[in-house]
Amino acid sequence: MSFAPDLTEMLARARADMRLGVPVVLSDGPRAALVMAVETLGPQRLADALALGHADLAITEHRATTLKTAAYDGDLVRLAVPDGAGLDWVQAVADPADDLRLPIKGPFVARREGDAVLHRAGIRLAKAARLIPAVLVVQIADGAGLARDHGLTLIGAASAMTTDLSPLAPVIHARVPLEVCEAGRLHIFRPEDGAEEHYALEIGSPDRSRPVLARLHSACFTGDLLGSLKCDCGPQLRGALAQMGVAGEGVLLYLNQEGRGIGLANKMRAYSLQDQGFDTVEANHRLGFEDDERDFRIGADILRKMGFSQVRLLTNNPAKVERLESCGIDVVERVPLKVGENRFNHHYLATKASKSGHLL
């Protein structure tokens, strides 16, 4: 008998620790490191970590490009934390909020010796926790001992880097009459790793043997709920539901991947950068993220679990078509969904077309 958490549960615990500002210990064979998310790092834990030895600040290649420093490890850079550096220096390097006001943060010393396995795993955990992708890394001799003595979560770097999709389980479904169609049914799906739940709204009773009118819609609190004019998400959500209502059937997947997968807080950081003159892609890169961090395998998995293998996909994004098809879902038709352009989001939509390939 054992009540100990399994690997999936330990990874969930590590993400939660990072959000709380609690360090985690990552290991790779005989090597280990104390890893802390910069966003939630406090001054006392920073001082305690620096007392253990030399520290690195790991940031992504995109953030390194913004800071005009070479990413010798390819997808990231390991910056040596200089003697006397405090929390203000660490967070200023990681967070682009004051880049225009304080553009000079270097000179930087990038480490080139050794590899970046532990740093890369730390950044992956920070992203999974919806935090700015920057971590403080202090290599230590006895990772297991430090974790045991301080009650810290110990995770192997390879486990933290896994790209496997956490299995989704249907939780419950119930009838929800809607304005567009009274025959609505909401399905809730929960991943085993404790991450956000995802939803599927079924309109009518679609025939599972035929292509279903479908929409993969990523959560947008500002657009869907508040009616923000900075994006076209709200009009797309309502437009997709309206088309399904007219057709009498369809399935809308509402995936909790806010801000193209970076989370609402980071999305607001990107909005703030857009107010400084950067476009949506540039803002993501300055924060250290990719253009799009979403995982469309989630949508494909939900469709399969609901019995759908063919879709008529409501989207302007060819990448969604490609990703669904790569996951085994047959997209027999791309159905355009061109709604919601206004004077506030015209530049945003133009950027999606020119840099992300949207057909607008």
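1. Let me start with the second largest pocket: its lining is made of Leu178, Glu179, Val180, Leu186, Tyr199, Leu201, Asp224, Leu237, Arg238, Leu241, Leu252 and Tyr254. (A pocket here is an open set of points on a 1 Å grid over the protein atoms alone, with protein on both sides within 12 Å along at least five of seven lines, and a lining residue has an atom within 4 Å of a point.) Keep in mind that this is a predicted model, where local features need pLDDT of at least 70, side-chain atom pairs count only at pLDDT 80 or more, and totals for chains, interfaces and linings use all residues. Numbering runs from 1 along each chain as its sequence is written, and side-chain values use heavy atoms, with hydrogens and water left out.

2. That second largest pocket holds about 330 Å³ of space, a volume being the space filled by probe spheres set on the grid points, which are joined across faces, edges and corners. At least two lining residues each come from β9 (198-203), α9 (233-247) and β11 (250-255), and α9 has the largest share, three residues. Helices (H or I, at least four residues) and strands (E, at least two) are DSSP runs, numbered from the N terminus. By class the lining has nine nonpolar, no polar and three charged residues. Nonpolar covers Ala, Val, Leu, Ile, Met, Phe, Trp, Tyr, Cys and Pro; charged covers Asp, Glu, Lys and Arg; the others, Gly among them, are polar.

3. Now the largest pocket, at about 1400 Å³. It has 49 lining residues, and Arg124, Ala128, Arg130, Thr162 and Asp295 are the closest to its centre. Two or more residues come from each of α1 (7-20), α3 (61-66), α5 (117-128), α7 (157-160) and α13 (297-305); α1 gives the most, seven. The lining's make-up is 19 nonpolar, twelve polar and 18 charged residues.

4. The largest cavity has a volume of about 410 Å³. Of its 29 lining residues, Cys233, Arg260, Arg294, Tyr348 and Lys352 are the closest to the centre. Helix α11 gives the most to this lining, four residues, and the classes split into nine nonpolar, eleven polar and nine charged.

5. Last, Phe221 lies in helix α8 and is partly exposed, with a relative accessible area of 38% (the class between buried, under 20%, and exposed, over 50%, with a 1.4 Å probe and protein chains only).

Technical notes: On a 1 Å grid over the protein atoms alone, a cavity is a set of points where a 1.4 Å probe fits but cannot get out, and a pocket is an open set with protein on both sides within 12 Å along at least five of seven lines; lining residues have an atom within 4 Å of a point.
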